[in-house]
Amino acid sequence: VLARQLAGLVVAFEAQDTATPSPDEPRRVRSATTRKFLSQAVGLSGALESTLVELDPLSPATLSDEDALAVTRRLSRPGQGAGPPGQADEAPTLKLPSATSKLLRTKLEERLGEDLSAFKIPSWLDTSDPRRGERVQAYEILARVGAGAMGIVYLAREEGRPERPVALKVLPPDADDEAKGRFKREILANSFFSHPGALDIYDAGESALGEHFLAMEFFDGRDLGRLLAEQSRLDPSLALRIGLQTLEPLIAAHEAALVHRDVKPENILLSPDRSSARLMDFGLALIGDLGNFQSKVFETRKFGITGTPHYLSPEQAADDDLTPSSDLYSLGVVLYQMLAGRLPLSAKSPKGFVMAHMTKPPLPLLEANSDLAALPSSLPSLIDGLLEKEPADRPSGCELATGLRELLSAISS
């Protein structure tokens, strides 16, 4: 059974590669999504390895593409794919055991014509960082990704897992309680749900030097905030696709009783070709009903409002109880910004934005960008609806997803 499942995986993975090599070239997987799945497949357990030895005559060629996709669906979690809108189950994300299988790697490399364990450091990363080559427990630092108020993020390689690079977020030993609280909250939030549109956390701990660290999935891309700084308005189809790909993991989080509380462009990563978006940083997430446990152990802000003032929902700005609708308002602000090239509200200070979200009406989307009048009228209605002051007046996550998919279909046709 295990060998047959592997056969299905390989056939399905190869079917995703739409590039056609010349007859004298080995077949290579060019899809970033396919490469990710293959690197996960390389980590199958020793039990599968021994099964393959016994059942080696079974070849991936013995399965039809239809059978192969059926196998991958049975191995995956329903409805959480990485394919195009409306086809989420065509490219499911697999949760496989992590033990390395040398035999499996060899078989895949022979069939696909490339070294799956080789990882090339993206050219945009800083490889001159003085910590390059240092180890934080089992992780060797390869390059610096970036830095923020909550620590420094490095690209790292885990010992024994060269095919899986990780993003290593490191806090200094003297980090304050707020930063440590965000680390704890992010770890706990990740344990409540998983979705291919959100970054997974693999490991966490404290180094010999007293540094707290998180080892998480590395995504080769930059945040949406950088793109908007260079190109204030985005093509509507790109903006809607980014919005939908951000919404899908949000809905999964909401179903697990999580509220992100910090949806903003800087927490949305984009692949270099802008075809894929990932939601990150659940360090401020509101996690179900943890009562006093949450306030004592995971408190992230002793005084003031939690979140980013430019993207706060009115209820978040007022420090009221939050529901998933709060995240949808914040996503609405992001969508508005991508489409209009500006925020829906204006203010001169963070405190001014907090007050504006609670008291001022946003500028209607068509007034901010009249070019959008050429698109379906449901577009401004949907975005403006997300910015309603009352949570009950906003569309639900499912309604928003349906609206975005319909708009994408209408625009593309």
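This is a predicted model: local features need pLDDT of at least 70, side-chain atom pairs count only at pLDDT 80 or more; totals for chains, interfaces and linings use all residues.
Me: Before we start, what makes two strands pair?
Reply: Bridges decide it. DSSP must find at least two bridges between the strands. The cut-off is therefore at least two bridges.

Me: In what order do the 3 strands of the open sheet lie?
Reply: The pairing in this sheet is antiparallel. Strand 9 (222-223) and strand 12 (277-279) each have a single partner strand, so they stand at the edges. One side of each edge strand is left without a neighbour in the sheet. The order is 9-11-12.

Me: At about what angle does helix 8 run to strand 12?
Reply: Helix 8 covers residues 236-255. It lies across strand 11 and strand 12. Its angle to strand 12 is about 35°.

Me: Is helix 14 roughly parallel or roughly antiparallel to helix 15?
Reply: Helix 14 spans residues 378-386, and helix 15 spans residues 397-412. They pack at an angle of about 155°, with axes 10 Å apart. Angles over 145 degrees count as roughly antiparallel. So helix 14 is, relative to helix 15, roughly antiparallel.

Me: Which residues of helix 15 make the contact with helix 14?
Reply: The two helices cross in a left-handed way. Helix 14 brings S378, L379, L382 and L386 to the contact. Helix 15 brings L400, G403, L404 and L407.

Me: What word describes helix 11 relative to helix 14?
Reply: The axes of helix 11 (residues 324-340) and helix 14 come within 8 Å. They cross at roughly 135°. Therefore helix 11 is, relative to helix 14, oblique.

Me: Which residues of helix 14 make the contact with helix 11?
Reply: Helix 11 passes helix 14 in a left-handed crossing. From helix 11 come L328, Y329, G332, L335, Y336 and L339. From helix 14 come L379, I383 and L386.

Me: Which residue takes a positive phi in the hairpin of strand 3 and strand 4?
Reply: Strand 3 (residues 135-136) and strand 4 (residues 139-148) run antiparallel, joined by 2 bridges. The hairpin has 2 residues between the strands. The residue with a phi near 55° is Q137.

Me: Which residue in strand 5 is the bridge partner of E140?
Reply: E140 lies in strand 4, where it is the bridge partner of R135. Strand 4 also pairs with strand 5 (residues 151-158), antiparallel and over 8 bridges. In strand 5, the partner of E140 is R157.

Me: Is R261 buried or exposed?
Reply: R261 is found in the loop between strand 10 (258-259) and strand 11. Its phi is near 75°, a positive value in a residue other than glycine. Its relative accessibility is 13%, and the cut-off is under 20%. So R261 counts as buried.

Me: What is the relative accessible area of D281?
Reply: D281 lies in the loop between strand 12 and strand 13 (286-287). It has a positive phi of about 65° although it is not a glycine. D281 is buried, with a relative accessible area of 14%.

Me: What share of the residues in the protein chain is buried?
Reply: The secondary structure of the chain comes to 15 helices and 13 strands. The protein chain has 413 residues. The buried share is 48%.

Note on methods:
Residues are numbered from 1 along each chain as its sequence is written. Side-chain values use heavy atoms; hydrogens and water are left out. Helices (H or I, at least four residues) and strands (E, at least two) are DSSP runs, numbered from the N terminus. Buried means under 20% relative accessible area, exposed over 50%, partly exposed in between (1.4 Å probe, protein chains only). Contact means heavy atoms within 4.5 Å. Axes are lines fitted to C-alpha atoms, for helices over the stretch in contact, and angles run from 0 to 180 degrees between N-to-C directions. Angles under 35 degrees count as roughly parallel, over 145 as roughly antiparallel, 65 to 115 as roughly perpendicular and the rest as oblique. A crossing is left-handed if the near helix is turned anticlockwise from the far one by less than a right angle, and right-handed if clockwise.
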